Amino acid sequence: MSVQYFEGVGRRKESTARVRIASGTGQFVVNEKTVEDYFTRIGDVDMILLPIKTAGEERTQLDITVVVKGGGVTGQTTAVQLGLARALQIMKPDVHAALRKGGFLTRDPRAKERKKPGLKRARKAPTYTKR
């Protein structure tokens, strides 16, 4: 028996999230844990679920499975949010405008800047002494 699902991939910094949405009973699993057990910081789960609220869907009618790798907590959170928004867009193409307006379909391009030679960090220069 094959289950119809919609997949979206989200990335942020070093994190990559593969999100699958299927109609179901409201299970939200991230790396074989519940979403509340995986993302323990206050507000992270709410941030991840924003695209669902924007699309006008009920979380209790969707089964969401996520495999997320790499990066830190914030990078993984926003990667899951982007993957969820992309999967919702495939599932319901009519919510594209609402998701775009909410900024959920835009990948955040910011990443750590590389260290330059002669500097202590990416931009911090050694202290200048005249004498």
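Predicted model: local features only at pLDDT ≥ 70, side-chain atom pairs only at ≥ 80, totals over all residues.
**Figure 1. Pairing of strands β3 and β4.** Strand β3 (residues 28–30) pairs with β4 in the antiparallel sense, over two bridges. Within this view, K33 in β4 stands opposite V30.

**Figure 2. The salt bridge between R12 and D108.** The structure holds nine salt bridges, one of which joins R12 and D108, with the closest N and O atoms 3.6 Å apart. R12 belongs to strand β1 (residues 6–12), whereas D108 lies in the segment after α4 (96–102); the pair therefore ties together parts that are 96 residues apart in sequence. R12 has a relative accessibility of 8% and counts as buried.

**Figure 3. The salt bridge between E36 and R59.** The side chains of E36 and R59 meet in a salt bridge with an N to O distance of 3.4 Å. This pair links distant parts of the chain, 23 residues apart: E36 is in helix α1 (residues 35–38), and R59 is in the loop between α2 (44–55) and β5 (62–69). E36 is partly exposed, at a relative accessible area of 40%. R59 is also partly exposed, at 27%.

Figure 4. In the segment after α4, the side chains of E113 and R123 form a salt bridge of 3.1 Å, N to O. Both residues lie in that segment, so the pair ties together parts that are ten residues apart in sequence. E113 is partly exposed, with a relative accessible area of 37%, whereas R123 is exposed, with a value of 68%. Elsewhere, salt bridges that share partners join E7, R18 and R20 into one network.

**Figure 5. The surroundings of E57.** E57 is located in the loop between α2 and β5 and is buried, with a relative accessible area of 18%. The side chains of E57 and K92 are joined by a polar contact of 2.9 Å. Apart from its neighbours within four places in sequence, E57 is in contact with I52, L62, L88, M91 and K92.

**Figure 6. The aromatic pair of Y38 and F39.** One aromatic pair is present in the structure. It consists of Y38 and F39 in an edge-to-face arrangement, with 5.0 Å from centre to centre and 80° between the planes. The planes count as edge-to-face because the angle between them is over 60 degrees. F39 is buried, with a relative accessible area of 3%. Y38, in contrast, counts as partly exposed at 24% relative accessibility.

Definitions and conventions. Residues numbered from 1 in each chain as written. Heavy atoms only, no water. Phe/Tyr/Trp six-rings, centres within 6.5 Å; stacked < 30°, edge-to-face > 60°. Buried < 20%, exposed > 50% of the residue type's maximum accessible area, 1.4 Å probe, protein only. Salt bridge = Lys/Arg side-chain N within 4 Å of Asp/Glu carboxyl O. Helix = DSSP H or I, 4+ residues; strand = E, 2+ residues; numbered from the N terminus. Polar contact = N/O pair within 3.5 Å; in protein donor to acceptor, adjacent residues only side chain to side chain. Contact = heavy atoms within 4.5 Å. Pairing = 2+ DSSP bridges.
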